[in-house]
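The exercises below are meant to be worked through with the sequence and the 3D view side by side. Try each task before reading the solution that follows.

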Amino acid sequence: MIATPEINIIRSTQTKLNEIDLTNIPFGKYFSDHMLEVDYADGEWKQPVIKPYQHLSLAPSLAALHYGQAIFEGIKAYKNAAGEAFMFRPLDNFKRFNVSAERMQMPQVPEAIFMEGMRMLVELDKAWIPEQEDHALYIRPFMFSSDEMIGVRPSEQYKFMILLSPTGPYYSAPMRIYVEEKYVRAVPGGVGYAKAAGNYGAAMYATAEAKKIGYDQVLWTDAFEHKYVQECGTMNVFFIIGNHAITPELDAGTILAGVTRQSTITLLQEMGFIVEERPLSIDDIISAHKAGLLYEVFGTGTAATISLIRELRYKDYVMDFDVDKWQVAPAIKTRLNAIRYGQVADPHGWMYRV
Ligand code: COI
């Protein structure tokens, strides 16, 4: 294993930046001029290289395409008013990446490759960081098995890569959410806590069914009783009930330990909320709504940041919210943005200089 790898840079001779309007960018559609690529073989990571963004040439027998040994992360980079670039809590994503790798029987990616490779890549393509509010450079590290072999076993070869994609808000408008009771995202003992590619593919059918009846996403419930809420679409979820902020606990291994989730918990505590990470049933949510105590419901995620939920439907019971009157989620979003864009002090050391 290489301790401190030299990361080679092959620069692009031209930029695609002038072809893109950075003030109007759909999530995940455009990629910056460079990417990082490194291979794992013979039990060690080889020389990482940052090179022009380009297609890969892969064998149709590539193991990842057949059995889904594939994981990813999502991180954002921002620019402050002085034009300096920072990443939001990237070490937390690095650690979670290796938790996902372990669960999927993949090799650990060394910190020197993940962190320094990402830093160098963002530095090189810093001009791709959009400047306006709610925009950022989305960083997508990912790893997949690359044996050319369709036997069902952990691969011996892997590819780790990082892409950069300038992005605006993921969910631009407040959302309508359908509480899912038929399909499940995660079970205890499963891979719900890992950022495994298959978790997202497996969610698409239920999401498409909810979309057919006018909903944006589903709120997943537990697999045994369909009673306890889990995640919402690609986000963690928070409920403001009275002066308590409640979010599902991580202990069952069915929920992704979101970095924005953890940051939101910290900010809610600073705002004086009693934050509870615990099982929360849909019955309790409905009782709170009937009692007039369910004030706000919102999702948190790297891509989504803070997304307001304007309607929650469970069977025929519809909870409608007047999001324009909300105080809490907008305050969290404003505070997070202020820290991210360097407009206020960063008391928790969340911003990582590029
Ligand atoms: C992220 O917030 O980074 C996510 O993982 C959501 C993504 C799948 C769009």
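**Exercise 1. Find which residues lie nearest the centre of the second largest pocket, and describe its lining.**

Solution. Begin at the centre of the second largest pocket in this predicted model, where Asp134, Tyr171, Thr305, Ile306 and Lys333 are the nearest of the 21 residues that line it. Next, look for the elements behind this lining: strand S6 (75–79), strand S17 (305–314) and helix H7 (328–340) each contribute at least two residues. Then sort the lining by class, which gives 12 nonpolar, five polar and four charged residues. Finally, note the volume of the second largest pocket, which is about 250 Å³.

**Exercise 2. Describe the largest pocket by its volume, and state which residues are closest to its centre.**

Solution. The volume of the largest pocket comes to about 660 Å³. Its lining is made up of 34 residues, and those closest to the centre are Tyr170, Tyr171, Tyr200, Gly233 and Thr234. Going on to the elements, at least two lining residues come from each of strand S8 (136–145), helix H4 (197–212), strand S11 (217–221), helix H5 (259–270) and strand S16 (294–301). Among the contributors, H4 has the largest share, with seven residues. Sorted by class, the lining of the largest pocket holds 15 nonpolar, 12 polar and seven charged residues.

**Exercise 3. Work out how the two pockets relate to the domains of the chain.**

Solution. First divide the protein chain into domain 1 (8–168) and domain 2 (175–340). The C-alpha centres of these domains are 27 Å apart, and across their boundary 21 residues of domain 1 are in contact with 22 residues of domain 2. Now return to the pockets: the lining of the largest pocket takes at least three residues from each domain, and the lining of the second largest pocket likewise takes at least three from each.

**Exercise 4. Is Ser155 buried or exposed, and which residues does it contact?**

Solution. Locate Ser155 in the loop that runs between strand S8 (136–145) and strand S9 (158–167). The relative accessible area of Ser155 is 8%, and because buried means under 20%, Ser155 counts as buried. Setting aside neighbours within four places in sequence, the residues in contact with Ser155 are Ala63, Gln69, Ser145, Ser146 and Asp147.

Conventions:
Residues are numbered from 1 along each chain as its sequence is written. This is a predicted model: local features need pLDDT of at least 70, side-chain atom pairs count only at pLDDT 80 or more; totals for chains, interfaces and linings use all residues. Side-chain values use heavy atoms; hydrogens and water are left out. Helices (H or I, at least four residues) and strands (E, at least two) are DSSP runs, numbered from the N terminus. Buried means under 20% relative accessible area, exposed over 50%, partly exposed in between (1.4 Å probe, protein chains only). Contact means heavy atoms within 4.5 Å. On a 1 Å grid over the protein atoms alone, a cavity is a set of points where a 1.4 Å probe fits but cannot get out, and a pocket is an open set with protein on both sides within 12 Å along at least five of seven lines; lining residues have an atom within 4 Å of a point. Grid points are joined across faces, edges and corners, and a volume is the space filled by probe spheres set on the points. Ala, Val, Leu, Ile, Met, Phe, Trp, Tyr, Cys and Pro count as nonpolar, Asp, Glu, Lys and Arg as charged, and the others, Gly among them, as polar. Domain bounds come from an automatic or database domain assignment.
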